Amino acid sequence: MSKTHTSMQTQGPTTISILGKGAVGTALATQCRAMNLDVSVVRMHGSPMTSGSDSFKEYTLGAWLKGVSEKKPSSHWVFCTVPDDSIPDTVERVLDSWTHVSRDPLSKGLQAIIHTSGVRTSQDFERVKQQGVTAASMHPIQTFHKDSQSLSNPFSSIQITLEGDESLLPSLVVFCEQTLQAQPIRVTQVQKQQIHAAAVLSSNFLFPNLSLASALLRDADLSPDILDPLVQSAAHKALHEGLTAISGPIARLDTQTVQRNLDALRSHPTALKRYISESEFLIHQLTELGHFEGKSEDLQDLRAVLTKESERLSDE
């Protein structure tokens with residue numbers, strides 16, 4: 001490989017366009033602009049907002065592509081940050097709209113296209129690749145909200161999975177490291193989907209329990225901050241040590257403590273139901289690990305307490 005070719009491989013974008021102005025798209029646009037990149041935002045639905053001194057340049061899809069076809073920017077990357085299920089339709093809209101504004105192949109207007117879906121892969125861009133555009137998927141392993149752009153850099157130090165064209169990935173690695181200040185991980189399509197499923201299990205599925213715990217504390221005029229050290233420690237141990245590191249009344253078969261917990265939760269039916277179902281699931285997992293060997297009587301007592309409370313709830 002020549003030195004010239006290597007330089008081209010690692011050259012980052014000078015112009016960024018972002019399709020979709022949701023939480024991820026806005027955070028990405030904000031960080032790219034903070035790093036002095038030329039950023040445009042394409043509104044896929046509705047009218048663009050009037051540009052102000054602190055606003056991004058916003059366009060409709062048609063107006064954006066018309067401008068791109070006229071300027072033919074060099075090193076122009078497009079990030080597709082629309083909802084996952086909208087990616088195929090967005091690709092079709094881009095291709096269809098491009099044929100109305102230019103007879104050139106799409107690669108004359110954009111050199112790379114990247115989506116930010118956690119479960120979809122670069123295969124969504126097969127038709128775009130046929131027109132000479134390189135493609136990849138780039139998934140930040142982080143939860144983004146509408147206020148994420150208020151952070152100094154919501155991408156700082158987080159992990160980002162990368163998958164796609166080998167000719168694009170070296171440049172995308174550099175972009176993640178230098179522009180986003182994140183930690184890129186090159187993965188296969190299978191690994192990418194496993195990571196996203198694991199991320200949902202470890203993030204989204206925590207929300208019901210943690211939000212219920214927060215509500216319980218607030219009802220007692222207490223701050224949820226009380227649980228911060230416990231939650232952080234438990235999350236670290238669960239990720240790195242698994243169930244072997246678990247403690248608490250279920251693991252100890254402490255039936256009396258469990259009963260007191262159940263009594264305390266009776267004024268919060270949703271939290272009570274969650275406590276029972278999570279306890280039963282944990283018992284199942286620990287039983288499979290052989291955690292309760294030689295303790296069948298104590299285990300039976302604990303299950304009886306949970307069953308009795310569950311039946312009481314069903315009768316109400």
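Close-up 1. Helices (H or I, at least four residues) and strands (E, at least two) are DSSP runs, numbered from the N terminus. The structure is a predicted model, in which local features need pLDDT of at least 70, side-chain atom pairs count only at pLDDT 80 or more, and totals for chains, interfaces and linings use all residues. Residues are numbered from 1 along each chain as its sequence is written, and side-chain values use heavy atoms, with hydrogens and water left out.

**Close-up 2. The largest pocket holds about 2,200 Å³ of space.** Among its 40 lining residues, Leu 206, Asn 209, Ala 234, Ile 246 and Glu 278 are the closest to the centre. Elements giving two or more residues to this lining include helix 8 (207–219), helix 9 (228–241) and helix 12 (269–288). A pocket is an open set of points on a 1 Å grid over the protein atoms alone where a 1.4 Å probe fits, with protein on both sides within 12 Å along at least five of seven lines; lining residues have an atom within 4 Å of a point. Grid points are joined across faces, edges and corners, and a volume is the space filled by probe spheres set on the points.

**Close-up 3. The second largest pocket has a volume of about 1,000 Å³.** Val 24, His 139, Gln 142, Thr 143 and Phe 144 lie nearest its centre, out of 40 lining residues. Helix 2 (23–34), helix 4 (87–101), strand 6 (134–140) and helix 7 each give two or more residues to the lining, and helix 7 gives the most, with 6.
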